[in-house]
Amino acid sequence: MRRVMKKALAGSAVTALTAAAFLFIYSAPTAGQGKQGQPEPAGINPAGGGVPMASLERLKTKASGPAPRAADGKPDLSGIWGPESHLIGDIAAALKPGDKLPLQPWALKLTRARLSKDDPNASCLPSGIPRQSPFPFKIIQTPKEIVFLVEGNVHTYRQVFIDGSGHPKDMDPTWFGDSRGTWQGDTLVVDTVGFNDKFWFDGIGHPHTEKLHVIERYRRPDAGHLDYEITIDDPGAYTRPFTLYGHSPLLQNTEIMEYFCIENNQDVAHILGKGTPARE
């Protein structure tokens, strides 16, 4: 069922799904059958429309109990996890209630001026951090390295080294930066620097600079959930650090799939306007 939908996204629908925050506010009528003749869940249109996250609802595990432990005694974060909607359309939704993004004036002006057709995601470029896509991601955990495999965006990955090494002294700016992790009790703390300034934080277009420093804290409070806090420190675009909060459910009986983002997409120029208005 998800595979039918994913193949349909290979055309211009990729742009619509990755570039705009309207992923969550519209629902196309069911137009086909899934595997073994079962109807697609509400909100899914195999012709290319609909909300991908709706198809994941049935995959959320009902498991409870304590989080599993790895051989070294650390919490095992391994698994396939559902996306956090607040980290897709507008990251302001992931702030604590009542909090606002502390944008510098130039950053606020740029956010309001950006259009969905200018979103790097619409041109099949990586999403960076903290942005997510409406598709699952997979965590593979080893004693010295943790790998994030991201189904959406351009089927990207992240490496988090937990071998005690530090950031390289001379780094070329990249989309996902350089990530080094440490365990503080049952919390995985990931420190990432070395970003370029090309990706958007979300579909609205919140910017950042190469001064960006991200600290993520991951916890698995029980068998079925992953909680995380993401502290953004970018003195080039924001007046102070701020923290985003996210939660992902464990998904069962599924696997991440290939995502085909079409190079040289000719439909990007036809996207009009921008997603849901920013909250500033």
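1. Rings of Phe, Tyr and Trp (its six-membered ring) are paired here if their centres lie within 6.5 Å, with planes under 30 degrees apart called stacked, over 60 edge-to-face and the rest tilted. Counted this way, there are 7 aromatic pairs.

2. Before going further, a word on the source. This is a predicted model, in which local features need pLDDT of at least 70 and side-chain atom pairs count only at pLDDT 80 or more, while totals for chains, interfaces and linings use all residues. Residues are numbered from 1 along each chain as its sequence is written, and side-chain values use heavy atoms, with hydrogens and water left out.

3. Now for the overall layout. The protein chain has 3 helices and 9 strands, where helices (H or I, at least four residues) and strands (E, at least two) are DSSP runs numbered from the N terminus. Read from that end, their order is α-α-β-α-β-β-β-β-β-β-β-β. Of the 280 residues, 53% are buried; buried stands for under 20% relative accessible area, exposed for over 50%, and partly exposed for what falls in between (1.4 Å probe, protein chains only).

4. Which pair of rings links strands β2 and β3? Phe137 belongs to β2 (residues 137-141) and Phe148 to β3 (residues 145-150), so their pair ties together parts that are 11 residues apart in sequence. The ring centres are 6.3 Å apart and the planes stand at 25°, so this pair is stacked. Phe137 is buried at 8% relative accessible area, and Phe148 is buried at 6%.

5. Phe195 and Phe199 are both buried.

6. The structure holds 2 cavities of 30 Å³ or more, and the largest cavity has about 270 Å³ of space. Its lining has 21 residues, and those closest to the centre are Pro130, Arg131, Gln132, Val150 and Arg158. Strands β3, β7 (213-222) and β8 (225-233) each give at least two residues to that lining. A cavity is a set of points, on a 1 Å grid over the protein atoms alone, where a 1.4 Å probe fits but cannot get out; lining residues have an atom within 4 Å of a point. Points are joined across faces, edges and corners, and the volume is the space filled by probe spheres set on them.

7. Some backbone details deserve a check. Most residues other than glycine have a negative phi, and most peptide bonds are trans. The bond from Ile129 to Pro130 is cis, with omega near 15°, and Pro130 is in the loop between α3 and β2. Cys124 is also placed in the loop between α3 and β2; its phi is positive, near 65°, and it is buried at 16% relative accessibility. Asn253, in the segment after β9 (242-249), has a positive phi near 55° and is exposed at 74%.

Terms used: On a 1 Å grid over the protein atoms alone, a cavity is a set of points where a 1.4 Å probe fits but cannot get out, and a pocket is an open set with protein on both sides within 12 Å along at least five of seven lines; lining residues have an atom within 4 Å of a point.
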